[in-house]
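Let's take a friendly look at this protein together. Have the picture open as you read.

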Amino acid sequence: MLYLAVIIIFILGIGAFFSVFLNVMVRVMAVFMFLMAALLVGLAKLYYQLRDFVIRTKKMGW
């Protein structure tokens, strides 16, 4: 009976550890994805600004 209780406590401990670990992993992944999306949007905006700048300077006759 004691052996069974130790196994159950061990399983519950692993379960708790994995739930916390997965929760942290999901949050890290969400933050990472958000940062990547923000970076891509920023790069796209920068690219369009540079392209517009180049088009304007060409129209000026550079």
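Phe10 sits in helix H1, which covers residues 2–60. Keep in mind that this is a predicted model. Is Phe10 buried or exposed? With a relative accessible area of 56%, Phe10 is exposed.

## The overall shape

The protein has 1 helix and 0 strands. Its radius of gyration is 27 Å, well over the 11 Å that the globule rule gives for 62 residues, so the protein is more spread out than a compact globule. You can see this in the box filled by the C-alpha atoms, roughly 90 × 10 × 5 Å along the principal axes.

Buried residues account for 2% of the 62 residues. The protein exposes about 6,100 Å², and carbon and sulfur atoms supply 81% of that area.

## A nonpolar patch

Back to Phe10: together with Ile14, Phe17, Phe18, Phe21, Leu22 and Met25, Phe10 forms a nonpolar patch on the surface. The accessible area of these residues together is about 730 Å².

## Rings that pair up

How many aromatic pairs does a search of the whole structure find? The search finds 3. Phe17 and Phe21 are 4 residues apart in helix H1, so about one helical turn separates them.

Phe17 counts as exposed at 53% relative accessibility, while Phe21 is partly exposed at 40%. Phe17, Phe18 and Phe21 form one aromatic cluster.

Definitions and conventions:
Residues numbered from 1 in each chain as written. Predicted model: local features only at pLDDT ≥ 70, side-chain atom pairs only at ≥ 80, totals over all residues. Heavy atoms only, no water. Helix = DSSP H or I, 4+ residues; strand = E, 2+ residues; numbered from the N terminus. Rg over C-alpha atoms; globule rule 2.2 N^0.38 Å. Buried < 20%, exposed > 50% of the residue type's maximum accessible area, 1.4 Å probe, protein only. Areas by Shrake-Rupley, 256 points an atom, 1.4 Å probe, with all protein chains shown as cover. Patch = residues over 30% accessible without salt bridge, like charges linked within 9 Å, V, L, I, M, F, W, Y side chains within 5 Å. Salt bridge = Lys/Arg side-chain N within 4 Å of Asp/Glu carboxyl O. Phe/Tyr/Trp six-rings, centres within 6.5 Å; stacked < 30°, edge-to-face > 60°.
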